[in-house]
Amino acid sequence: MATQAPKGTKDVLPQVSGQWQHLEAICRRHAALAGFREIRTPAFEHTELFLRGVGDTTDVVQKEMYTFNDKGNRSITLKPEGTAGVVRALIESGLVAEAMPQKLYYLNCPVFRYENPQSGRLREHHQFGIEAFGSASPYMDIDVVSVAMGVLKDMGLKNLSLNINTIGCPECRKVYHKMLRDYIEPRLSNFCKTCQERFEKNPLRILDCKVDECQKQLEEVPSIFDALCDDCREHFETFKRLLEMRGFKYKVDPRIVRGLDYYTRTVFEFVTEVDGKSLTICGGGRYDGLVKTIGGPALPGVGFGMGMERVLMLAQAQDALPQEKSPYDLYICTMGDRARDKAFELCALLRSKGVRVDADTMGRSLKAQFKYSGKLSVPKVLVIGDDELESGVYKMRDMEKGEESSITQSQLFEMQF
């Protein structure tokens, strides 16, 4: 129906937009503290970008993308994740030739996935993301993880776990793919159809399957740590050491592979439990080959995507969100046309001083004006009538304290709201 939002989408109404602004301010602060600058990319890109970048063996590309032909018969896709678009912009704009590292972030990035809506993740949801290019060092990995940790901590979230893993470099994965195939092939008929399809193209993705029977078959699967080269092993050990130096508790989970093909070496997730099920709040890792895959130079990268709806959902469930504030510091109630004119003169002057103030535009009675300001929980109400205009002294009511006082216009402009 025209009067209903499409399935998997949700309006952000004025009653909750303050919660979003609270999260946005925290994200911006932590990004800025670590030297990340904002980048904004289009909501849609050429489909080829995601086929090359995200990988055609992923569920995202095979099942979840919103893809269509535009009027020029070009294949266009609403972005299913944020990183590929940032890499495209990095290459196209020439940022790859500027001083490294390039540290970028995006906020309220719309992400579109055609899948059944989940807890805190709709078909259109939004992400806060960090992308750092130019450094292959685990010190950059810890820099990225620290931003995510800072945001989640400042949002007051509890019961979060940081799970980490390494999936090695392309050479490590060649060795590990053979180990996986050797282990899985005799058991392949016991795996689900999707895993059977992944067996030849990308057996690593089988580890991420959520089907119980598939997980049962993987109980004795070889570990990626049996296939790591010396460089990847040292990189991961340094990453762990840095986490410990920062006091970050973590768990190594060899089953974390993330859902996108571009990841290399470090991968990580911040997870919690909701109704007995594991829920990923933030996930990311290193993608050292992605820039070259998309058409740029060999440039390492690392980053994460954080689901903003999920963060807010958890914060609300844990009573960690700030109380909704009134949209006004002051409301001016009036009696008569002269008083109304004066009220709007005062509104303009006070707004120029940064005071959030309004007056009646509905022609309401004085009683109705007070009722309206009460519904909006305005802390202070100024009352102006003919007598106040004649004397130049207005009535100020502190609605929180239940007190009334007299105030002149000059005193009004000196008030701290």
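**Ground rules.** I number residues from 1 along each chain as its sequence is written, and I use heavy atoms for side-chain values, with hydrogens and water left out. Since the model is predicted, local features need pLDDT of at least 70 and side-chain atom pairs count only at pLDDT 80 or more, while totals for chains, interfaces and linings use all residues.

Entry 1: I took helices (H or I, at least four residues) and strands (E, at least two) as DSSP runs, numbered from the N terminus, and I counted two strands as paired if DSSP finds at least two bridges between them. An open sheet of 3 strands has the order 2-4-3, with antiparallel pairing. Its edge strands, each pairing on one side only, are strand 2 (44-46) and strand 3 (66-69). Strand 2 is joined to strand 4 (residues 75-78) by 3 bridges, and I found Glu45 opposite Thr77 in strand 4. Strand 3 pairs with strand 4 over 4 bridges in the antiparallel sense, with Tyr66 opposite Leu78 in strand 4. The hairpin of strand 3 and strand 4 has 5 residues between the strands, and there Asn73 takes a positive phi near 60°.

Entry 2: I then followed an open sheet of 8 strands in the order 1-5-6-11-10-9-7-8, where the pairing is mixed. Strand 1 (37-38) and strand 8 (251-252) each have a single partner strand, so one side of each is left without a neighbour in the sheet. Strand 7 (residues 161-166) pairs with strand 9 (residues 264-274) in the antiparallel sense over 6 bridges, and Ser161 has Val271 in strand 9 as its bridge partner. Helix 5 packs on this sheet, touching several strands, among them strand 5 (102-112) and strand 6 (124-133), and its direction makes about 15° with that of strand 11 (301-307).

**Entry 3: helix 1 against helix 5.** I looked next at the axes (lines fitted to C-alpha atoms, for helices over the stretch in contact, with angles from 0 to 180 degrees between N-to-C directions). The axes of helix 1 and helix 5 (residues 138-154) come within 9 Å and cross at roughly 145°. With contact meaning heavy atoms within 4.5 Å, Leu23, Ile26, Cys27, Arg29, His30 and Ala31 in helix 1 meet Val147, Gly150, Val151 and Asp154 in helix 5.

**Entry 4: the second largest pocket.** A pocket here is an open set of points on a 1 Å grid over the protein atoms alone, where a 1.4 Å probe fits, with protein on both sides within 12 Å along at least five of seven lines; lining residues have an atom within 4 Å of a point. The second largest pocket holds about 510 Å³ of space, a volume being the space filled by probe spheres set on the points. I noted 22 lining residues, of which Gln15, Gly18, Gln323, Glu324 and Lys325 are the closest to the centre of the pocket. Two or more lining residues come from helix 1 (14-33) and from helix 11 (308-317), and helix 1 gives the most, with 7 residues.

**Entry 5: backbone exceptions.** I kept in mind that most residues other than glycine have a negative phi, and most peptide bonds are trans. Met100 and Pro101 are joined by a cis peptide bond with omega about 5°, and Pro101 lies in the loop between helix 4 (83-93) and strand 5. Asn108, found in strand 5, has a positive phi near 55°.
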